[in-house]
Amino acid sequence: MTERSGENLDRESLQEMDHHFFHPWDSPNLLDQNARTVISSGHDATVVDADGHEILDGPSGMWCLNLGHGVEEIIEAMTEQARTMVYSSPWGTANPPSAILSDRLAEIAPGDLNRVMLTTGGSTANDSALRFAAYYNNVMGRPEKKHFISRQKAYHGSTLLAASVSGKERDKYYVDLLTDMATFLSAPNPYRRPAGMTVEAFCDTLIDEFEETIERIGANKIAAYIAEPVLASGGVIVPPAGYNKRMWEVCRANDILYISDEVVTGFGRLGAFFASKDVFDIEPDIITCAKGLTSGYAPMGAAIISERIIENIRQKCGDDPSIAFSNGYTYSGHPVACAAALKTIEIIERDNVCGHVRELAPYFQAKMQELHDIPIVGDVRGTGLMVAVEANEEIDGSLEQDRAIGNRIDAHCQALGLLVRPTVNLCVLSPVLTISKSDVDEMVYRLRQGIERAYEDLKREGVISA
Ligand SMILES: Cc1ncc(COP(=O)(O)O)c(C=O)c1O
């Protein structure tokens, strides 16, 4: 039960009211049919629904609650900040938490990534980075250098620009995008490589494809390459060894900016604050982040920009104020969000959360691999504390059928006390980073049961042969 001005609201009433919430990716014609699980509270790696059921939070919200639910220290820091000073305009003024946070991010980010644009989430971080890349080339006197290179299966957000460089085909139905702005390379998914090809040879073909694309379009027309180090919502696609580094080297050789989208991989998920340098040995020109930046306690993102680029602009334009980068938000550097981020960073460092992830990840991934013996499981893949389980080719069919599989696994898992993130014929898990070994065991146990029950359903209904 939830109270609203003396009124007790049960689950059904809340679900009824929720029909007015047009959720992300909702179909307008089905708004009145939705009956989502209502999450009423949470602690650590667990949420509690409106009927009082405890459910393990497999995706940690939306890969964002890196430190888990109910972290008192973050709540107190936010409360204290709201009480002291809730807002100051990022245009004309500075405030202590946004100044300190920007300084901290410059310190944590690799190489010369020193200049921080604070945004309202991951989409706006990527949007700002892409706009900045185009702006940079205008300022540098090469306005034809505007094209973006991305990959199929990439997801960079839901603003027009971020969506236009996102490569998930099924997200492109019915929405308008800036289609001539971006070119999409193949997804670096070793599971989907051509039959008979080694992973090393597959990686070579991906690099060749990038070089040939540059040759065809012209390096003088390409502003930036944008890439998640591990493609997250495209299905936790872990590229072949050496791929990210080689793609970065191609960018360097061709004067193409490298934007590393660390919205998911940042803040500990792969056992480092930023995976770009510490895991993949690259120094991007821009890193974007969000989600784990505040551990999901407040909406915020950041685009962290290389000093080299700023210096190039300074060299070119001196102190001409008319070249201002007209981009930013009312809530850029919101003090309460910054307080959440600063406390998150403090806790990650103090409690060696990245070390915990590095230690636990091999166990987590090995336990997940045990699911391979379920006949409908085609691939189990992941790294750090992110993993995807993909149904096999035999039942890889229409969008409707794929969704039905994902949704069925989701429904069974929820009944068993586990939230998963169904993404079409996949389900994805990215638990809170502070999770214990016994919670990992429990997650895998429930997931196995959920997938096995979905398999029994599909056999019974004749979708797959017994
Ligand atoms: C890699 C990546 N980039 C960008 C975004 C967009 O972030 P937001 O939803 O905070 O705008 C997401 C969201 O899931 C993401 O996974």
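This is a predicted model: local features need pLDDT of at least 70, side-chain atom pairs count only at pLDDT 80 or more; totals for chains, interfaces and linings use all residues.
Reader: Which residues of H3 are buried, and where do they lie when seen down the axis of the helix?

Author: The buried residues of H3 are Ile74, Ala77, Met78 and Gln81. Seen down the axis of H3, these buried residues fall within an arc of 95 degrees, so what they line is one face of the helix.

Reader: Which exposed residues does the face of H3 turned away from its buried side carry, and which helices do the buried residues pack against?

Author: The face turned away from the buried side of H3 carries Glu72, Glu76, Thr79, Glu80 and Arg83, which are exposed. The buried residues of H3, for their part, pack against helix H4 (96-108) and helix H11 (335-350).

Reader: Is H11 mostly covered or mostly open, and how many of its residues are buried?

Author: Among the elements that cover the buried residues of H11 are H3, H4 and helix H12 (353-369). The buried residues include Pro335, Lys343 and Ile348. H11 is mostly covered, and the number of its 16 residues that are buried is 12.

Reader: Which helix gives the most residues to the shell around the ligand?

Author: Of the 15 residues around the ligand, those that come nearest are Gly121, Gly122, Ser123, Gly157 and Val263. The shell divides into five nonpolar, eight polar and two charged residues. With three residues, the helix that gives the most to this shell is H5 (residues 122-139).

Conventions: Residues are numbered from 1 along each chain as its sequence is written. A residue is near a molecule or strand if its C-beta atom, placed from the backbone, lies within 6 Å of it. Helices (H or I, at least four residues) and strands (E, at least two) are DSSP runs, numbered from the N terminus. Ala, Val, Leu, Ile, Met, Phe, Trp, Tyr, Cys and Pro count as nonpolar, Asp, Glu, Lys and Arg as charged, and the others, Gly among them, as polar. A residue is buried if 20 or more other C-beta atoms lie within 10 Å of its own, exposed if 12 or fewer, and partly exposed in between; C-beta atoms are placed from the backbone. The arc is that of the directions from the helix axis to the C-beta atoms. Two residues are in contact if their C-beta atoms, placed from the backbone, lie within 7 Å.
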